[in-house]
Amino acid sequence: MDVLPVLIEWLPYLLSGIASTLGLVLAALGLGVLLGLPMALGQVYGARPVRWAIGIYVWFFRGLPILVLLFLFWFGIFPAIGLGDLSAFVVGAVVLGLRGAAYQSQIFRGAIQSVGEGQMIAARSLGMSRSTAIRTVILPQAMRIALPGWSNEYPNILTDSAVCYAIGVVELLTITSRMVTQTHITMPIYLATAGIFIILNYGGLKLLHRLEAKIAIPGFGTGAM
Amino acid sequence: MDQAVFLFDILLPALMQGLVITLQLIACSAPFGLALGIAVAVGRQYGHPAISWLCKTFVFLIKGTPLLLLLFILYFGLPSVGITLTAFAASVLGFILCNGAYNAEYVRGALISIKDGQMIAAQALGMTRWQAIRSVILPQALRRAIPGLSNEFIYLIKYSSLAYMITVIELSGAGKLVATKYFTYTESCAVVGIVYLVLVSITTVAVNLLESRVAVPGTTRAATAAQL
């Protein structure tokens, strides 16, 4: 049997799988920024207990395999705290996001720390409060420095999102295995999916690099990392 | 059932067996992953244009594909073209390819960071290109690549759990099986998680020791940090 008609026949499912995969990735990236940035600020400017707690969080989420995290939350923690009704997609996105926050917080932290200390001193001496200085002086610079490293989180999360297959999220890899089981065509379908992942991967990276170029301030560059 | 009985008589023995498989997976993959990474990086940086292109494409393809899909291809896909691997062998092969591709990027970064003058000077002293790479460039570059390579090694520890998805009962698989049988998901996954955290933490300490151990006095970590 030829593979192309099969792929066309399954196209709607494949597209829904792609949408689901991208949904996971976007949710995880969004959650990662939402949690990761405050965590980075807390780790740089926070009191000792705050820094300590964030350190533990990061150590935990970076030390565990994504598969174990998914099992832990999907079968263990969420049902135990009464959130057993959450769909696999939501759990997958939340776990990828919580884990992404741990990684991204370290990217943001590095960027914040790489902004010279003089910036804060100068801003304070101009009468800005600490939070105003962070918001209007430090972060606009730090976020630009962080962007190349942050962009690299996209392919990581994209490839990790495939592991959500293990808890039954109907994403691209799940659709692929269903196709393989039903059509008994293995290699061509796997390779087609690999192709889709590669396109999503480098296509997304290209978009992110375009964003970097767009928000760059002329003369203020860390260069392409 | 008593918690202590469950923990010591059922969960921990099962996890011990799984841990052995996990360590076997890592031990079989890591050395070849490192060798592949170095070979691909050198091939890409110093090889014939065709070899260089091949190495570049290899890294491009492997980095673009999820590891889990790669494992599926090796375990479920290859038999359709007449190559049948055991689940363990397929896992190891997948880890070697993945680890190698990522290692290659770190080694290449380190190779680039070694100044051109080193190669020119080595050749001026009568070394061949290959001798210069082996005895002048690589010893410096590999030291600079240690932080990145050890990161990848830690990733390998964690991603070895994906072998469970192609039926290798390693650490997380063993935990999952116990969890399903006794309906103790939180406890089992938590203990599995602790074992991974211990593995990763020990490795972190070990690679830091290694880095200071092989450091050449005068070429400190500052040089490495600047290059990152």
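The model is a predicted one, so local features need pLDDT of at least 70 and side-chain atom pairs count only at pLDDT 80 or more, while totals for chains, interfaces and linings use all residues. Residues are numbered from 1 along each chain as its sequence is written, with chains lettered from A and ligands numbered from 1 in the order in which they are written.

Chain A turns out to have ten helices and zero strands; here helices (H or I, at least four residues) and strands (E, at least two) are DSSP runs, numbered from the N terminus. Its C-alpha trace spans about 75 × 45 × 25 Å along the principal axes. Of its 225 residues, 37% count as buried, a label that takes 20 or more other C-beta atoms within 10 Å of a residue's own, with C-beta atoms placed from the backbone. Two residues are in contact if those C-beta atoms lie within 7 Å. Among contacts in chain A with a separation of 6 or more, 80% come from residues 24 or more positions apart.

Now for a pair of helices. In chain A, helix α6 (residues 117-125) packs with helix α7 (residues 130-151) at an angle of about 130°, their axes 10 Å apart. Axes are lines fitted to C-alpha atoms, for helices over the stretch in contact, and angles run from 0 to 180 degrees between N-to-C directions. The two helices are therefore oblique to each other, the class left over once angles under 35 degrees (roughly parallel), over 145 (roughly antiparallel) and 65 to 115 (roughly perpendicular) are set aside. On the α6(A) side the contact is made by A:Q119, A:M120, A:A123 and A:R124, and on the α7(A) side by A:A133, A:V137 and A:I138.

As for the two chains, their contact takes 33 residues from chain B and 28 from chain A. On the chain B side, α8(B) gives the most, with ten residues.

Finally, the largest nonpolar core has 120 residues. Such a core is a set of buried Ala, Val, Leu, Ile, Met, Phe, Trp, Tyr and Cys residues joined through C-beta atoms within 7 Å. Those with the most contacts inside the core are A:L70, A:V163, B:L68, B:L71 and B:L162. Helix α4 (residues 87-113) of chain B gives the most to this core, with 13 residues. Leaving aside neighbours within four places in sequence, B:L71 is in contact with B:A90, B:S91, B:G94, B:L162, B:M165 and B:I166.

Conventions
A residue is buried if 20 or more other C-beta atoms lie within 10 Å of its own, exposed if 12 or fewer, and partly exposed in between; C-beta atoms are placed from the backbone.
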